[in-house]
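Subject: Structure handover and findings

Hello,

Here is the structure you were waiting for. Please open it alongside this message.

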Amino acid sequence: MATVGKVIKCKAAIIWEVGKTPSIEEVEVAPPKSHEVRVKIVATGICRTDYHVLKGFFPKLDYPVIAGHEGAGIVESIGPGVTCVKPGDKVIPLCLPQCGECSCCRSPKDNCCLKTHFCERPQNLMPDQTSRFTCKGKRIHHLMWVSTFSEYTVMPDASIVKIDNNAPLDRVCLLGCGFPTGYGAAINTAEVAPGSSCAIFGLGGVGLSIIMGCKAAGASRIIGIDINKNKFAKAKELGATECLSPDDFKKPINEVLVEITGLGVDYTFEAIGLVETVTAALASSHMAHGVCVVVGEPPAGSHLSVDPVLLITGRKLLGCCMGGFRLKDAIPKLVSEYMEKKFNLDALRSHVLPFEKIGEGFELLCSGKSIRSVLLY
Ligand code: PAD
Ligand code: ZN
Ligand code: ZN
């Protein structure tokens with residue numbers, strides 16, 4: 001390819017500082033170095049976590065930054081030492097790397113690679129602590145090593161996986177974050193049992209994917225909870241047996257859930273990102289065997305205050321990153337399962353917009369009108 005080894009100029013959405021909406025700019029994207037891959041992004045979803053970046057809620061982040069972490073694309077070129085992909089391959093960037101070498105990657109039970117921003121350094125720069133993005137002479141930071149809000153982006157080979165070359169990129173991009181996060185929270189982390197009851201707080205892209213996971217696991221009662229009743233129809237279409245708005249009750253929603261289920265819900269999930277709703281989800285769970293899974297990410301610096309008695313009776317409070325999936329192993333399989341129509345990923349794609357309309361995509365997210373907007377380059 002004519003671009004190999006050269007700087008590529010392309011469009012990207014840069015968040016120059018906290019609180020500023022992303023602005024479309026021409027960026028320069030340097031070629032990949034050793035064990036790095038440069039990818040042409042074809043499609044990317046907008047996740048609530050990208051909004052957290054915009055608001056400054058994301059931990060350990062430097063600005064200016066290029067956000068976006070739910071993308072799919074085609075490899076443009078590879079640096080020395082890369083063996084997992086080659087130019088022309090269809091790929092999904094991994095917002096949770098799988099380096100294969102750290103103690104967590106070597107332990108079959110763990111999925112949170114020690115290379116993530118949760119553990120070692122923030123993933124704002126490539127592993128050699130330099131950036132591949134420049135705009136107007138300024139260094140621009142990466143997000144989680146993937147930055148899919150740039151038409152071309154560079155990532156380490158630990159953060160990329162090859163997928164079926166027949167996969168439709170404008171659809172499977174949602175396998176980069178929202179779907180595995182929610183679906184895996186139900187099937188991997190909670191291990192929802194057939195015939196059980198489930199309550200899902202927050203019916204965005206992640207919460208709806210939890211509903212799909214609970215249904216696939218055979219739950220018999222699936223209760224969706226959201227303050228936006230416009231989310232109820234899709235939740236029911238995907239498997240919710242009933243939906244509740246906390247605003248319709250005088251008493252707290254956890255008391256309502258305990259009352260309607262007898263002793264509490266078997267599995268509860270928080271997919272909003274507020275400490276109050278994490279507390280409510282825990283208190284809604286069955287006193288003796290309830291499992292509450294924290295999926296939503298409250299703003300950086302939040303603290304949870306929990307009455308230990310809630311746990312002493314037997315409830316379990318769990319959390320998961322990317323639905324407990326080891327993404328390099330899981331995503332190609334999820335792509336195949338999507339193509340075999342084993343789950344309804346397309347139901348999450350409420351809007352498709354040209355990349356230039358990214359601002360509109362964020363507005364749709366904030367106004368509660370979208371589930372997932374997919375941006376096309
Ligand atoms: P979203 O904004 O599409 O959905 C959130 C939903 O919560 C909306 O439908 C809101 O109406 C609803 N909501 C807001 N406040 C309340 C409330 N007080 N009570 C009931 N419902 C409410 O977000 P999303 O689905 O893209 O993401 C959800 C969370 O998951 C968010 O915090 C995001 O950062 C987090 C996330 N976590 C991971 C992970 O690996 N743990 C991955 C991806 C996203
Ligand atoms: Zn996300
Ligand atoms: Zn690792």
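Below are the ground rules, then the findings, region by region.

This is a predicted model: local features need pLDDT of at least 70, side-chain atom pairs count only at pLDDT 80 or more, and totals for chains, interfaces and linings use all residues. Residues are numbered from 1 along each chain as its sequence is written, chains are lettered from A and ligands numbered from 1 in the order in which they are written, and side-chain values use heavy atoms, with hydrogens and water left out.

**The parallel sheet**

Six strands pair in parallel, in the order 12-11-10-13-14-15. Helices (H or I, at least four residues) and strands (E, at least two) are DSSP runs, numbered from the N terminus. Two strands pair if DSSP finds at least two bridges between them. Strand 12 (242–244) and strand 15 (316–319) are the edges, each pairing on one side only. From one strand to the next, the twist averages 20 degrees. Strand 14 (residues 291–294) runs parallel to strand 15, and four bridges join them. V293 has L318 of strand 15 as its bridge partner.

Angles run from 0 to 180 degrees between N-to-C directions, with axes fitted as lines to C-alpha atoms, for helices over the stretch in contact. Contact means heavy atoms within 4.5 Å. Helix 8 (residues 275–284) lies across strand 10, strand 13, strand 14 and strand 15. Helix 8 runs at about 175 degrees to strand 13.

**The cores**

Which residues have the most contacts inside the largest nonpolar core? They are F149, V192, I210, C214 and F269, in a core of 96 residues. Domain 1 (179–323) and domain 2 (350–377) both give residues to this core, so it lies between them. A nonpolar core here is a set of buried Ala, Val, Leu, Ile, Met, Phe, Trp, Tyr and Cys residues joined through side-chain atoms within 4.5 Å. Buried means under 20% relative accessible area, exposed over 50%, and partly exposed in between (1.4 Å probe, protein chains only).

Leaving out residues up to four places away in sequence, C214 touches A186, V192, C198, I200, A219, I222 and F269. A second, separate core has 13 residues, among them F201, V256, L257 and A281.

**The two domains**

Domain bounds come from an automatic or database domain assignment. The C-alpha centres of domain 1 and domain 2 are 26 Å apart. Eight residues of domain 1 contact four residues of domain 2. Together the domains bury about 400 Å², 59% of it on carbon and sulfur atoms. That buried area is the accessible area (1.4 Å probe) that two parts lose on being put together, summed over both. On the domain 1 side, G205, K231 and K234 lose the most area to domain 2, together 65% of what that side buries.

Strand 1 (residues 8–14) pairs antiparallel with strand 2 (residues 23–29) over seven bridges. I8 is opposite V29 there. Strand 2 also pairs antiparallel with strand 6 (residues 133–135), over two bridges. On that side, V29 is opposite F133.

Helix 1 is largely enclosed by the rest of the structure, because six of its eight residues are buried. These are T49, D50, Y51, H52, V53 and L54. Their cover includes strand 3 (36–45) and helix 11 (358–366). Just after helix 1, G56 has a positive phi of about 80 degrees.

**Backbone points to check**

- Y63 and P64 are joined by a cis peptide bond, with omega about -5 degrees. P64 is in the loop between helix 1 (48–55) and strand 4 (70–78).
- K136 is not a glycine, yet its phi is positive, about 50 degrees. K136 is in the loop between strand 6 and strand 7 (138–140). K136 counts as exposed, at 65% relative accessibility.
- S147 also has a positive phi, near 40 degrees. S147 is in the loop between strand 7 and strand 8 (152–156). S147 is buried, with a relative accessible area of 0%.

Best wishes
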